[in-house]
Amino acid sequence: MLANIRKNMKLFSIPLWIVTASFVLTIFLVWGKGSVSGPGTNDVATVNGKAIPADEFYRTVDKLTSAGMKEKQAKSEALRQLLLRTLLLDAAEKEGLKVSDDAVAKRIESFPAFQKNGKFSAELYKQWLQQNHIPAETFENQIRQDLLIEKLQTIVENVATVTPQELKIYYKAVFGKRNYKYEMFNVEPSKVKVSSKEVEEYYKKHQKLFTENKTIVTAVKIPITAPNAKELVKKAYKLAKEGKLSSFKEIKPVLVTDKNLLKDINSRGGLSGYIEEPKDYVIYERKQENKILPLKEVRGKIINLLKTEKAAEEAFNKAQKVASSGKIEKGEETGEVDGKELARKLELIDLNGEITATIVKGKTGKVYGPFKTLKGYVVIEPITETTAKVMDKDKLKTLKDFLLNEKRKAAFQAYIQFLQNRAKIQVNPRFFRGE
């Protein structure tokens, strides 16, 4: 089996350069050779002549919809899962893989649902099968198939290796150090001047930035002892609900400034309401008031904004000029640093690490940037090759484990693609009409 897979590895091997931390496994969505005819009436599909029964398909769909998936999506996902499972089981059979009865029994005995006081309980196992209406033979066959797929996956993944040379290359790329020349261009608003005309033009163009939103609460107080108090309350409350309390003529509505009353009103919520005090009925109305602040109140803020914008533009233009020239004349050197140390020293704004990776992998003598920093912009030139004079054993082991794990994933994914390309897969369209 292993020899057979090794022989075919050249047909589906994936270069190490695509094995990265962001590697994502994707099971194929478009299947291989075959047509939409062929399966029996009660079969959803066939894979190399092996049928996927409708009852198995619908059981899988039910599980997915019970987990919250929409039916249309559940059907597609169920088909994908069953096609993949059947494809792998077919491959395991052709390679002559077997799973012993003892292995099946041990797997079943390991399930916590079938254990009592840490030991397998045949009684719990029987109860579970009865509750789920599953014959023991069907369940045990399912476990046997799971183990077959696991066995096949382990064999394929174990083909992957990490050579000492690969490990050295990646170690140097990840943990290696090199020297850089750099020049900083800080944003310095204090050195920039802004004219009154610029301030006025900015204010006119961006007035929405200087809009003040306030909640205005107005109310009328109707004395409880007033002869027609209840009629006045009804009228005022109706107007407040319509947002027209200002049109109440009998008693002039006033702006509420009393802190205790405002606290009471705000705790009640709503745009209007009614409060009964010891001596008065209070009918209130809340409105949002949008007011554009006058220029004199925001002039200082606009000046600071414009100074920062102009200073940032000047810093970027200077940095861009140096980058375009291809040479840093007035820069400083970082000394031997790795990627993390470089980003920390230059205070790079690099949320996903892509900028740092570009610089670290950059060509010696080439100027990169401008890149944004906490204080402005920087241009950088690698001036030595990357070296890793001493390899840390712990880092080396961590990196090797990571690379091996990713190469194993890549090998199994490529093996699936290899099987798919050679498979004859036929789907019954009757189960997917209107999808």
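Reader: Is isoleucine 349 buried, partly exposed or exposed, and how do I tell?

Author: You look at its relative accessible area: under 20% is buried, over 50% is exposed, and anything in between is partly exposed. This is a predicted model, and in it isoleucine 349 comes out at 35% relative accessibility, so we call it partly exposed. To find it, look in the loop between helix 12 (339-346) and helix 13 (354-360).

Reader: Which residues make a nonpolar surface patch with Ile349?

Author: Leu351 and Leu374 do, and with Ile349 they make a patch of about 370 Å².

Reader: Let's move to helix 12. Which of its residues are buried, and where do they sit around the axis?

Author: Start with the general idea. An α-helix has 3.6 residues a turn, so residues three or four places apart point the same way. Now the case here: the buried residues of helix 12 are Gly339, Leu342 and Leu346. They cover an arc of only 60° around the axis, so they lie on the same side of helix 12. On the other side, Lys340 and Arg344 are exposed.

Reader: What do the buried residues of helix 12 pack against?

Author: They pack against strand 5 (180-186), helix 13 and strand 12 (376-382). If you follow the chain on from strand 12, the loop between strand 12 and helix 14 holds threonine 386. Threonine 386 has a relative accessible area of 17%, so it counts as buried.

Reader: Which residues is threonine 386 in contact with, leaving aside its neighbours within four places in sequence?

Author: Lys172, Gly176, Lys177, Arg178 and Val360.

Reader: Now for charges. How many salt bridges does the structure hold?

Author: Side chains of opposite charge can pair when their charged atoms come close. This structure holds 19 salt bridges. Take aspartate 90 and lysine 94, whose closest N and O atoms are 3.0 Å apart. The two are four residues apart in helix 3, so about one helical turn separates them. Aspartate 90 is buried, at a relative accessible area of 3%, while lysine 94 is exposed, at 60%.

Reader: Which residues are linked with Asp90 and Lys94 in a network of salt bridges?

Author: Lys50 and Glu93 are linked with them in that network.

Reader: What about arginine 144: which residue does it form a salt bridge with?

Author: Its partner is aspartate 101, with the closest N and O atoms 2.8 Å apart. Arginine 144 is in helix 6 and aspartate 101 in helix 4, so this pair ties together parts that are 43 residues apart in sequence. Arginine 144 is partly exposed at 24%, and aspartate 101 is exposed at 55%.

Reader: And where do glutamate 198 and lysine 310 lie?

Author: Glutamate 198 is in helix 8 (residues 196-205) and lysine 310 in helix 11 (residues 295-325), so you're looking at a link between distant parts of the chain, 112 residues apart. The closest N and O atoms of this salt bridge are 3.3 Å apart. Glutamate 198, at 29%, counts as partly exposed, and lysine 310 is partly exposed at 26%.

Reader: Last one: in the largest nonpolar core, which residues touch the most other members?

Author: Phe57, Leu79, Leu88, Leu152 and Tyr415 do, out of 44 residues in that core. Helix 3 gives the most to this core, with eleven residues. Apart from it lies another core of 13 residues, including Ile222, Leu232, Val233 and Tyr281.

How values were computed:
Residues are numbered from 1 along each chain as its sequence is written. This is a predicted model: local features need pLDDT of at least 70, side-chain atom pairs count only at pLDDT 80 or more; totals for chains, interfaces and linings use all residues. Side-chain values use heavy atoms; hydrogens and water are left out. A nonpolar core is a set of buried Ala, Val, Leu, Ile, Met, Phe, Trp, Tyr and Cys residues joined through side-chain atoms within 4.5 Å. Buried means under 20% relative accessible area, exposed over 50%, partly exposed in between (1.4 Å probe, protein chains only). Patches are made of residues with over 30% relative accessible area and no salt bridge: like charges are joined within 9 Å, nonpolar side chains (Val, Leu, Ile, Met, Phe, Trp, Tyr) within 5 Å. Accessible areas come from the Shrake-Rupley method with a 1.4 Å probe; for residues, only the protein chains shown count as cover. A salt bridge is a side-chain nitrogen of Lys or Arg within 4 Å of a carboxyl oxygen of Asp or Glu. The arc is that of the directions from the helix axis to the C-beta atoms. Contact means heavy atoms within 4.5 Å.
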